[in-house]
Amino acid sequence: FRIRPSVSLTGKYNDNIFATDTSEKSDFITVTSPQLKIDSTWDRHSLRFSAGADFGRYQDYDAENYNDYWANLDGRYDLTETTNIFGGLGLGFEHEGRDSPDATLGGLKPTTYRSNNGHLGFKTTHGKTTFRLGATYEQLDFDNVPTSLPGISIINHDRDRDLLGMGLRATHKIDEEHEIYA
């Protein structure tokens, strides 16, 4: 296995942290982002794990601070040299930026949510043509946000949802550098 830890430190300046049309407030934000990636180095099959976080700290408006984190595990099992099955699972705990079109107005802090997801698929190659079939699932769970009124929260559970997806792709290799797909 190959293990790759990393950490990055980012400084930002935002001249309108609440994304308002009037009475803009500005602040400096420091984001610390640790990350860990572990990859298999096998000749056949593969397994990958990754986890990371973004810890955002505002200089003046600390109610906007956030702790986002996530983890993913995915892999591939080779049935033959030209056919495999693949899949993965992931989870995340994140926040919604104030500038998001879906962001809730009037909350004392940004909206937080959880994301659970998975994918599964099948891939096979015949000559210069590859076929890939896959399905995805994601569950989103939004948290309520407190307001300045005692005991009153902005209800976000109506935004909770499950997302399903399915796709089929066919790719034909024209030469070493070009391919077409549908």
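Me: Why is Pro34 called partly exposed?

Reply: This is a predicted model, and in it Pro34 has a relative accessibility of 30%. Buried would need a value under 20%, and exposed one over 50%. Pro34, at 30%, falls in between, so it counts as partly exposed.

Me: Where does Pro34 sit, and which residues does Pro34 touch?

Reply: Pro34 belongs to strand β2, which covers residues 27–39. Not counting residues up to four places away in sequence, Pro34 touches Ser6, Val7, Ala51, Gly52, Ala53 and Phe55. One of these, Gly52, is 18 residues from Pro34 in sequence, with 5.6 Å between the two C-alpha atoms.

Me: Let's turn to the threonines. What makes Thr83 buried?

Reply: The relative accessibility of Thr83 is 13%. The cut-off for buried is under 20%, so Thr83 counts as buried. As for its place, Thr83 is in strand β5, residues 83–95.

Me: How do you know that the side chains of Thr83 and Thr124 make a polar contact?

Reply: The distance for this pair of side chains is 2.8 Å. A polar contact calls for N or O atoms within 3.5 Å, one able to donate a hydrogen and the other to accept it. At 2.8 Å, the pair is within that cut-off, so the link between Thr83 and Thr124 counts as a polar contact. Leaving out residues up to four places away in sequence, Thr83 also touches Asp78, Phe122 and Lys123, along with Thr124.

Me: Is Thr171 buried or exposed, and how do you know?

Reply: Thr171 has a relative accessible area of 11%. Thr171 is in strand β10, residues 161–173.

Me: Which side chain makes a polar contact with the side chain of Thr171?

Reply: That partner is Arg169, at 3.2 Å. The limit is 3.5 Å, so the pair qualifies by distance. Apart from neighbours within four places in sequence, Thr171 is in contact with Lys128, Thr129, Thr130, Glu179, Ile180 and Tyr181.

Me: On to the loops. Why is Ser23 called exposed?

Reply: Ser23 has a relative accessibility of 57%. Exposed means over 50%, so Ser23 counts as exposed. Ser23 lies in the loop between β1 and β2. Its phi is near 50°, a positive value in a residue other than glycine.

Me: What makes His45 partly exposed?

Reply: For His45 the relative accessible area is 22%. His45 is in the loop between β2 and β3, the latter covering residues 46–58. Here too phi is positive in a residue other than glycine, with a value near 65°.

Me: How many helices and strands are in the chain, and how do you know that the chain is more spread out than a compact globule?

Reply: The chain has zero helices and eleven strands. Its radius of gyration is 21 Å, whereas the globule rule gives 16 Å for 182 residues; the value is well over the rule, so the chain is more spread out than a compact globule. Along the principal axes, the C-alpha atoms fill a box of roughly 65 × 35 × 30 Å. Buried residues make up 28% of the 182 residues.

Me: How do you know where empty space is left?

Reply: Rolling a probe the size of a water molecule over the atoms shows it. In this structure there is one cavity of 30 Å³ or more. The largest cavity holds about 40 Å³ of space. Its lining is made up of Glu96, Arg98, Ala103, Thr104, Gly107, Lys109, Pro110, Thr111 and Val145. By class, that gives three nonpolar, three polar and three charged residues.

Me: What lines the largest pocket?

Reply: The largest pocket, with about 240 Å³ of space, is lined by 16 residues. Among them, Asn14, Tyr58, Gly97, Arg98 and Asp99 lie nearest its centre. Strand β1, residues 2–14, gives the most to this lining, with three residues. The lining divides into seven nonpolar, four polar and five charged residues.

Terms used:
Residues are numbered from 1 along each chain as its sequence is written. This is a predicted model: local features need pLDDT of at least 70, side-chain atom pairs count only at pLDDT 80 or more; totals for chains, interfaces and linings use all residues. Side-chain values use heavy atoms; hydrogens and water are left out. Helices (H or I, at least four residues) and strands (E, at least two) are DSSP runs, numbered from the N terminus. Buried means under 20% relative accessible area, exposed over 50%, partly exposed in between (1.4 Å probe, protein chains only). Contact means heavy atoms within 4.5 Å. On a 1 Å grid over the protein atoms alone, a cavity is a set of points where a 1.4 Å probe fits but cannot get out, and a pocket is an open set with protein on both sides within 12 Å along at least five of seven lines; lining residues have an atom within 4 Å of a point. Grid points are joined across faces, edges and corners, and a volume is the space filled by probe spheres set on the points. Ala, Val, Leu, Ile, Met, Phe, Trp, Tyr, Cys and Pro count as nonpolar, Asp, Glu, Lys and Arg as charged, and the others, Gly among them, as polar. The radius of gyration is taken over C-alpha atoms; the globule rule is 2.2 Å times the number of residues to the power 0.38.
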